[in-house]
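Thanks, everyone, for making time this morning. I would like to walk through one model with you, and I will give the cut-offs as the terms come up.

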Amino acid sequence: MDKKVVELLNAQVNKEFFSAYLYLGISKFFTKQDLPGFASWYKVQAEEEQEHAMKIYDYLLDQDEDVSLDQIGAVNIDCKDALDAAKAADKHEHYITEEIVKIMDAAVEAKDYRTQLFLNWFITEQAEEERNSKDMIVKIEMLGNDKKNLYLLDKELGARK
Ligand SMILES: [Fe+2]
Ligand SMILES: [Fe+2]
């Protein structure tokens, strides 16, 4: 495989684990806010991010490439409220989309069609992630960014498995 494509995929494994870590930080914030539905929703999100990381991990090993398991960055998330947390998640998803696009660009340049096919899933997934994170902001804004008003949304979000 092209060296740059491998390098970028390796870096993405780390970024997906960092995403999981970030969502865990957001989940913790909601637990402390006594909003268990939000907390559980973001915990499920954290699990999904680990699956993303493992997808790339498996792909690299399947291609007989090595995977570097680098240090995962610390999460120092300082949200003031639910809207703030939802915005942090949304910002992060947009960043991840840009990173996936960079890998795709490198795969196109290297004429690595297999990796392009592999990355298609992530391109589609990022569209969904951006839609979900935007939806969360819209819902919180609609209900009012106040714990009392978020009670019903908390119940709804707690249903996500
Ligand atoms: Fe992801
Ligand atoms: Fe994500």
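I will begin with the conventions, then take the metal site, the salt bridges, and a few individual residues.

This is a predicted model, in which local features need pLDDT of at least 70 and side-chain atom pairs count only at pLDDT 80 or more, while totals for chains, interfaces and linings use all residues. Residues are numbered from 1 along each chain as its sequence is written, chains are lettered from A and ligands numbered from 1 in the order in which they are written, and side-chain values use heavy atoms, with hydrogens and water left out.

Let me start with the metal. The iron ion (ligand 1) is coordinated at 2.1 Å by Glu16 (OE), Glu49 (OE) and His52 (ND1), where donors are N, O and S atoms within 2.8 Å of the metal (3.2 Å for Na, K and Ca), and since water is not among the atoms, sites may look incomplete. Read along the chain, the donors of this iron ion (ligand 1) follow the spacing E-x32-E-x2-H.

How far apart in helical turns are Glu49 and His52? They are separated by about one helical turn, because they are three residues apart in helix 2 (residues 36–62); helices here are DSSP runs (H or I, at least four residues), as are strands (E, at least two), numbered from the N terminus. Both Glu49 and His52 are buried, and by that I mean under 20% relative accessible area, with exposed meaning over 50% and partly exposed in between (1.4 Å probe, protein chains only).

Now to the charged side chains. A search of the whole structure finds four salt bridges, each defined as a side-chain nitrogen of Lys or Arg within 4 Å of a carboxyl oxygen of Asp or Glu. In one of them, the side chains of Glu99 and Lys15 meet at 2.9 Å, N to O. Glu99 lies in helix 3 and Lys15 in helix 1, so this pair ties together parts that are 84 residues apart in sequence.

Glu99 also meets Lys102 in a salt bridge, again with 2.9 Å from N to O, and here both residues lie in helix 3, three residues apart, about one turn of the helix. Leaving aside neighbours within four places in sequence, Glu99 is in contact with Gln12 and Lys15, contact meaning heavy atoms within 4.5 Å.

A further salt bridge joins the side chains of Glu156 and Lys139, at 3.0 Å from N to O. Glu156 lies in helix 5 (residues 151–157) and Lys139 in helix 4 (residues 113–143), so the pair ties together parts that are 17 residues apart in sequence. Glu156 is partly exposed at 47%, and Lys139 is partly exposed at 29%.

Next comes Asn14, which is placed in helix 1 (residues 3–32) and is buried, with a relative accessible area of 17%. A polar atom of the Asn14 side chain lies 3.1 Å from the backbone oxygen of Gln71. Setting aside neighbours within four places in sequence, Asn14 is in contact with Asp70, Gln71 and Ile72.

That brings us to Ile72, which sits in the loop between helix 2 and helix 3 (82–109) and counts as partly exposed at 37% relative accessibility.

Finally, Met104 is found in helix 3 and counts as buried, at 14% relative accessibility. Apart from neighbours within four places in sequence, Met104 is in contact with Gln116, Leu119, Asn120 and Ile123. For a sense of distance, the C-alpha atoms of Met104 and Ala85 are separated by 29 Å, the two residues being 19 residues apart along the chain.

That is where I will stop, and I am happy to go back to any of these sites on the screen.

Key
A polar contact is a pair of N or O atoms within 3.5 Å; within protein, one must be able to donate a hydrogen and the other to accept it, and residues adjacent in sequence count only if both atoms are side-chain atoms.
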